[in-house]
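Work through the exercises below with the sequence and the model side by side, trying each task before reading its solution.

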Amino acid sequence: MTWENNTKSQHFVSQVEQRFNALNPNAATKNQRIYDFEIINRETPELRLLSHNGQNISRTLAYSDLYSFELEQDKQIRNNFENAFYRYEKDIKTHTENLLQKLISRRIDINVNDEVVNLFTTKLLNCARNPFSIHKMLNTFGALTDYLPTSPEQQTPFNRILNGSKPHQKRLCHDFGISETEYEQWLRMLFMLFIPSGEGDLNMLESIVKTGFTDPRFEIGVLVSLYSSPQCLLSDRSFSSNIEKPGMDGFDFNLSSKAFIRYMFANIDEIVSSCKPPEILSAFKAERKKLPRQIQLNYCFNNMELLGGFNRNVIYQSNRHVYCASKTPFIF
């Protein structure tokens with residue numbers, strides 16, 4: 001992989017995902033814009049539209065040298081993660097459009113597992129790379145910072161993370177409220193996500209996702225909620241949680257201005273063990289092993305109750321801003 005790149009303004013929510021929420025989606029990409037709302041009150045909730053003309057997507061949800069771990073003397077060439085991110089960003093448009101088209105045309109009988117898993121991989125990467133979630137991501141993936149790359153090809157860029165010229169580091173740490181040690185750990189964590197896992201051609205990120213979707217302890221549910229008008233919010237954190245219960249994890253992601261996707265992972269063993277006698281639990285596990293492994297996909301259209309809950313969660317859990325293709329996103 002080539003780590004050298006001349007991109008200075010680095011997006012932490014990709015432009016292609018923002019363009020699915022553009023207020024003028026038919027305009028040339030350089031002219032596409034998105035409405036930016038500042039969160040005034042999370043509890044009410046209350047938003048303030050920052051510009052009636054919207055913000056240019058090419059400059060939105062981006063930061064100078066956010067992922068640069070070494071700048072060359074002329075500061076035109078930098079080592080960063082832009083090429084690694086692009087590997088996933090280039091396919092997200094196809095996966096999103098394919099999934100939505102299948103659901104809109106009611107072709108639910110067609111296999112959508114590839115889209116569902118590939119979308120989750122890219123969305124999870126967005127969580128990991130989000131500067132407003134550095135503390136949370138270090139708690140989630142922090143164990144990766146205990147490992148070192150083994151091949152010389154990987155060691156050279158990794159050493160740049162440790163020792164490279166990063167004149168922007170103090171500014172970033174101040175702006176995001178983190179220490180320089182935490183910033184370095186975050187860069188190391190991101191680097192290790194792209195290192196081969198030893199499981200075929202998969203890197204660490206893809207291996208983590210594969211485990212989540214194939215671990216027999218988990219039942220997985222996926223819901224796509226679609227709307228006839230642009231109402232879905234996009235978080236500056238790129239995701240929101242939809243459940244907080246023992247043995248269960250849930251993630252909501254914006255797909256477009258007219259759709260969001262919800263993933264639910266339930267550790268059945270953990271849930272059932274708290275309410276069943278041991279002999280019944282053993283029989284339950286034995287029966288589950290006989291069942292075919294599958295992703296349960298559901299979808300619905302214009303369910304405003306779901307939309308209200310999704311948008312309120314986005315507002316409550318975002319850092320400071322939410323984005324939309326509409327000046328009046330549905331909340332209440």
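Helices (H or I, at least four residues) and strands (E, at least two) are DSSP runs, numbered from the N terminus. The model is predicted, so that local features need pLDDT of at least 70 and side-chain atom pairs count only at pLDDT 80 or more, while totals for chains, interfaces and linings use all residues. Residues are numbered from 1 along each chain as its sequence is written, and side-chain values use heavy atoms, with hydrogens and water left out.

**Exercise 1.** State how many helices and strands the protein has, and describe the sheet that contains β1.

*Solution.* The protein has 11 helices and 17 strands. Two strands count as paired if DSSP finds at least two bridges between them, and β1 is joined to β8 (residues 78–79) by 2 bridges, the two strands running antiparallel. Within this pairing, E4 has N79 in β8 as its bridge partner. The open sheet has 3 strands in the order β1-β8-β7, with antiparallel pairing. Because β1 (4–5) and β7 (70–71) each have a single partner strand, they stand at the edges, and one side of each is left without a neighbour in the sheet.

**Exercise 2.** Determine the number of disulfides, and decide whether C127 is buried or exposed.

*Solution.* A disulfide is a pair of cysteine sulfur atoms within 2.5 Å, and by this rule the count is 0. C127 is in no disulfide, since the nearest cysteine sulfur, that of C232, lies 17 Å away. Buried means under 20% relative accessible area, exposed over 50%, and partly exposed in between (1.4 Å probe, protein chains only). C127, with a relative accessible area of 3%, is therefore buried, and C173 is buried with 6%.
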